[in-house]
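Please examine the sequence and the three-dimensional structure shown below. The report that follows is written for a reader who is new to structural description.

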Amino acid sequence: MSDSNWDVVVIGAGPAGATSAALLAEKGRRVLVLEKEKFPRYHVGESMMPFCWFTLDRLGLTEKMDEIGFQQKHSVQFVSTDGQISKPFYFFEHDNRASAVTWQVERMEFDQMLVDRAKELGAEVLDEQKVTQLIKNESGAVIGVSVENLEGESRDVFAKIVIDGSGRDCVVASKQKWRNRDPELNKIAIWTYYEGAMRDPGLDAGSTTVAYIPNKGWFWYIPMRGNRVSVGLVADRDYLYRDSREPSEIFDREIEENVWITEHLESGKQVGQYWITGEYSYRSNYCAGDGVVLVGDAFAFLDPVFSSGVFLALKSGELAADAIDLALEKGDTSAAQFEQYGNDVCLAIERMRKIVCAFYHPEFNFGKLVKKHPELRPVLTDLLVGDVFIDKFEDLFTAVREICELPTELDYGFRVADLAAMSAG
């Protein structure tokens with residue numbers, strides 16, 4: 001760590017933090033990234049929304065994505081328990097720009113690519129450095145962090161602003177007690193990998209498939225490069241744990257609940273371990289405070305069903321970088337400078353959240369919606385591809401309300417922290 005005073009310190013080198021670091025370094029800011037793990041490292045979240053393309057293009061990485069050779073993804077499709085497949089939502093039928101082709105990625109390589117780009121643009125990145133404390137001034141504003149290396153040696157690092165991109169560690173939200181679970185979404189995910197499993201022909205070979213099981217649970221089926229498929233199972237805790245807590249037993253039991261999944265996995269071999277996570281839908285009370293901004297999963301995580309995690313990480317990292325650069329130019333990194341950032345990100349999340357909650361409602365399915373309102377298929381596709389930062393969905397949500405009730409919008413995350421909130425933690 002060559003210097004203890006920086007323009008920007010970023011906690012975490014995942015997609016959100018690396019994006020912010022890269023864009024701020026490109027603008028000439030002195031940026032230090034502190035990552036607790038040793039990169040490259042495993043991470044779930046392999047399927048990309050098409051609108052990831054725009055942030056990746058700004059970072060100069062779209063050609064690199066194809067050079068690496070990640071599996072191309074042209075659509076998302078939905079499969080009923082009896083194996084009936086919906087008409088795929090082909091992205092190019094809706095908008096035939098370059099962004100209509102997206103990817104299924106191995107996150108070890110994808111995240112490392114973003115970190116390498118941040119370094120190329122001038123950011124200093126240090127891994128195996130755990131942030132243990134926020135440093136605040138007498139008014140409660142964050143002015144730096146305390147960081148500890150593998151040997152247990154601690155050091156204080158100061159900056160004009162701190163970005164929390166620590167992922168589900170939620171360093172700031174946890175320390176400040178700002179983290180709030182989503183009251184409408186409380187699922188468990190179990191996932192693993194298969195080799196040699198069936199792939200659909202042609203353009204559908206790289207499609208993300210959402211395959212239903214009873215009680216509004218579902219499988220994800222994500223074809224990766226080579227011969228590997230990521231397969232995940234998402235449902236309520238009581239449904240999944242009704243007769244076993246052994247992941248492999250639960251997985252094998254639920255495979256039999258969907259004809260398409262059964263057929264596609266029959267030729268495959270499960271490899272590696274089973275992974276489990278739960279209670280993963282949450283949002284911070286505040287998007288920012290004096291001297292600190294939250295991005296990506298450190299700010300909020302919605303749900304895996306429409307692959308919004310990486311998209312929101314990239315986009316929030318990009319929006320935060322622009323807001324921070326302007327704040328640094330003004331010489332004012334108070335919380336008020338980030339109100340628009342929080343508003344924009346939360347409105348986008350709420351638009352996605354409505355359709356996610358509808359997806360889990362027992363009366364709702366996309367076939368019913370599109371059959372009744374075929375004219376809304378384009379705007380539904382807008383939502384599924386990530387074009388959610390423009391207010392154009394009211395007709396869609398009105399139509400959804402004809403089928404099922406939609407949740408009340410969460411009122412947190414939009415705000416920036418006041419003095420009392422900054423003094424907590």
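The model is a predicted one.

## The three-stranded sheet

Three strands form an open sheet in the order β11-β17-β20, and their pairing is antiparallel. The edge strands are β11, covering residues 179-181, and β20, covering residues 300-301; each of these pairs on one side only. In general, the strands of a sheet are paired through backbone hydrogen bonds, and the pairing may be parallel or antiparallel.

Strand β17 consists of residues 282-284, and its antiparallel pairing with β20 extends over two bridges. Within this pairing, Y282 has F301 of β20 as its bridge partner.

Is S307 buried or exposed? The relative accessible area of S307 is 13%, and S307 is therefore classed as buried, since the limit for a buried residue is under 20%.

Which residues does S307 touch, leaving aside those up to four places away in sequence? They are S47, M49 and K73. With S47 there is also a polar contact, made between the two side chains at 3.5 Å.

## A cis peptide bond

Most peptide bonds are trans, and most residues other than glycine have a negative phi. The bond from F39 to P40 is cis, with an omega near -5 degrees. P40 is placed in the loop that runs between β2 (31-35) and α2 (52-58).

## Two residues with positive phi

C170 is not a glycine, yet its phi is positive, at about 45 degrees. The residue belongs to the loop between β10 (154-164) and α6 (171-175). K177 likewise is a residue other than glycine with a positive phi, in this case near 60 degrees. The location of K177 is the loop between α6 and β11, and β11 is one of the edge strands of the sheet described above.

Terms used. Residues are numbered from 1 along each chain as its sequence is written. This is a predicted model: local features need pLDDT of at least 70, side-chain atom pairs count only at pLDDT 80 or more; totals for chains, interfaces and linings use all residues. Side-chain values use heavy atoms; hydrogens and water are left out. Two strands pair if DSSP finds at least two bridges between them. Helices (H or I, at least four residues) and strands (E, at least two) are DSSP runs, numbered from the N terminus. Buried means under 20% relative accessible area, exposed over 50%, partly exposed in between (1.4 Å probe, protein chains only). A polar contact is a pair of N or O atoms within 3.5 Å; within protein, one must be able to donate a hydrogen and the other to accept it, and residues adjacent in sequence count only if both atoms are side-chain atoms. Contact means heavy atoms within 4.5 Å.
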